[in-house]
Amino acid sequence: MTQKSILLVEDEDIIRESVAEVLELNGFEVMTAMDGLQALTILEVETPDLILADIMMPHMNGYQFFQRVRSNPDWVWIPFIFLSAKGEGEDVRFGKEFGADDYLRKPIDAEDLIAAVIGRLRRYEALAQGNPQSPRIANGFTESPTRPTGIGLDITPREREVLVLMVRGMTNREIADELVIGTATVKTHVSNILSKLDASNRVEAVTRAIEQGLVIHK
């Protein structure tokens with residue numbers, strides 16, 4: 001499998017260097033930035049397979065950076081994990097409801113870090129296999145010659161995960177259990193999906209998702 005690249009965005013030198021070292025020792029290529037603005041500059045010339053970003057940073061914080069990433073069609077597919085010293089449950093829920101793929105608390109355990117990164121990449125591969133129009137395909141994440149067009153283009157990776165499970169006929173509770181998130185968070189994602197697909201209900205959303213090639217119903 002092609003070596004995966006990680007964009008690490010962290011303003012604290014010691015943490016940035018130690019996390020980068022752990023990633024490199026586990027076979028990942030690492031690009032680093034000290035804040036969101038510097039990370040955006042890197043994204044203009046390099047597209048990583050996954051982004052790890054702190055929340056509390058100068059110039060542009062993690063939430064602002066995340067919004068910029070998700071607003072760009074070329075970057076919206078990149079799995080995104082927040083890193084933060086904020087450890088309260090409410091902050092974790094906010095980070096996930098904001099649309100991030102995962103949330104790691106500092107101090108970060110090396111095994112937890114690698115498990116989260118590998119887990120996100122593997123889940124993304126599974127989603128990419130179910131969507132041949134995805135701009136980054138599994139087992140190497142190569143660029144597709146075409147990009148999806150029409151409604152649903154701005155669906156985030158987390159919303160796509162929920163959408164795939166909706167296509168399978170899962171309830172909100174079943175989806176919550178599968179993704180290890182709260183039912184309220186699932187309801188938020190479902191609401192966003194309906195809005196982005198211009199659908200009035202789940203059945204219509206699933207139908208449009210399949211028609212648009214966002215997911216493949218097997």
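In the predicted model, Arg158, Glu161, Val162, Leu165 and Met166 of helix H6 meet Ile175, Glu178 and Leu179 of helix H7. By class, the residues of this H6–H7 contact are five nonpolar, no polar and three charged. Helix H6 covers residues 157–167, and helix H7 covers residues 172–179. Their axes lie 10 Å apart, at an angle of about 130 degrees. H6 is therefore oblique to H7. The crossing of these two helices is right-handed.

Helix H7 also packs against helix H8, which spans residues 183–196. Here the axes are 9 Å apart and the angle is about 110 degrees. The range for roughly perpendicular runs from 65 to 115 degrees, so H7 and H8 are roughly perpendicular to each other. On the H7 side, the contact is made by Asn172, Arg173, Ile175 and Ala176. On the H8 side, Thr183, Val186, Lys187 and Val190 take part. The residues of the H7–H8 contact comprise four nonpolar, two polar and two charged.

The crossing of H2 and H3 is right-handed. Gly36, Ala39, Leu40 and Leu43 in H2 meet Phe65, Arg68 and Val69 in H3. This contact has five nonpolar residues, one polar and one charged.

Six aromatic pairs occur in the structure. One of them joins tyrosine 63 and phenylalanine 82. Their ring centres are 5.2 Å apart, with 80 degrees between the planes, and the pair is edge-to-face. Tyrosine 63 belongs to helix H3 (residues 62–70), whereas phenylalanine 82 belongs to strand S4 (residues 80–84). The two residues are 19 residues apart, and their pair links distant parts of the chain.

Histidine 59 is found in the loop between strand S3 (50–54) and helix H3. Its phi is near 70 degrees, a positive value in a residue other than glycine. Proline 107 is found in the loop between strand S5 (102–105) and helix H5 (110–129). The peptide bond from lysine 106 to proline 107 is cis. Omega for this bond is near -5 degrees.

The average pLDDT is 79, and 79% of the residues score at least 70. Strand S1 (residues 5–9) has the highest confidence, at 97. Helix H4 (residues 89–97) has the lowest, at a mean of 61. Over residues 132–150, pLDDT stays under 50. For this stretch the model has 48 contacts beyond four places in sequence. Where pLDDT is low, the predicted coordinates should not be read in detail.

Key. Residues are numbered from 1 along each chain as its sequence is written. This is a predicted model: local features need pLDDT of at least 70, side-chain atom pairs count only at pLDDT 80 or more; totals for chains, interfaces and linings use all residues. Side-chain values use heavy atoms; hydrogens and water are left out. Axes are lines fitted to C-alpha atoms, for helices over the stretch in contact, and angles run from 0 to 180 degrees between N-to-C directions. Helices (H or I, at least four residues) and strands (E, at least two) are DSSP runs, numbered from the N terminus. Angles under 35 degrees count as roughly parallel, over 145 as roughly antiparallel, 65 to 115 as roughly perpendicular and the rest as oblique. A crossing is left-handed if the near helix is turned anticlockwise from the far one by less than a right angle, and right-handed if clockwise. Contact means heavy atoms within 4.5 Å. Ala, Val, Leu, Ile, Met, Phe, Trp, Tyr, Cys and Pro count as nonpolar, Asp, Glu, Lys and Arg as charged, and the others, Gly among them, as polar. pLDDT is the predictor's confidence in each residue, from 0 to 100. Rings of Phe, Tyr and Trp (its six-membered ring) pair if their centres lie within 6.5 Å; planes under 30 degrees apart count as stacked, over 60 as edge-to-face and the rest as tilted.
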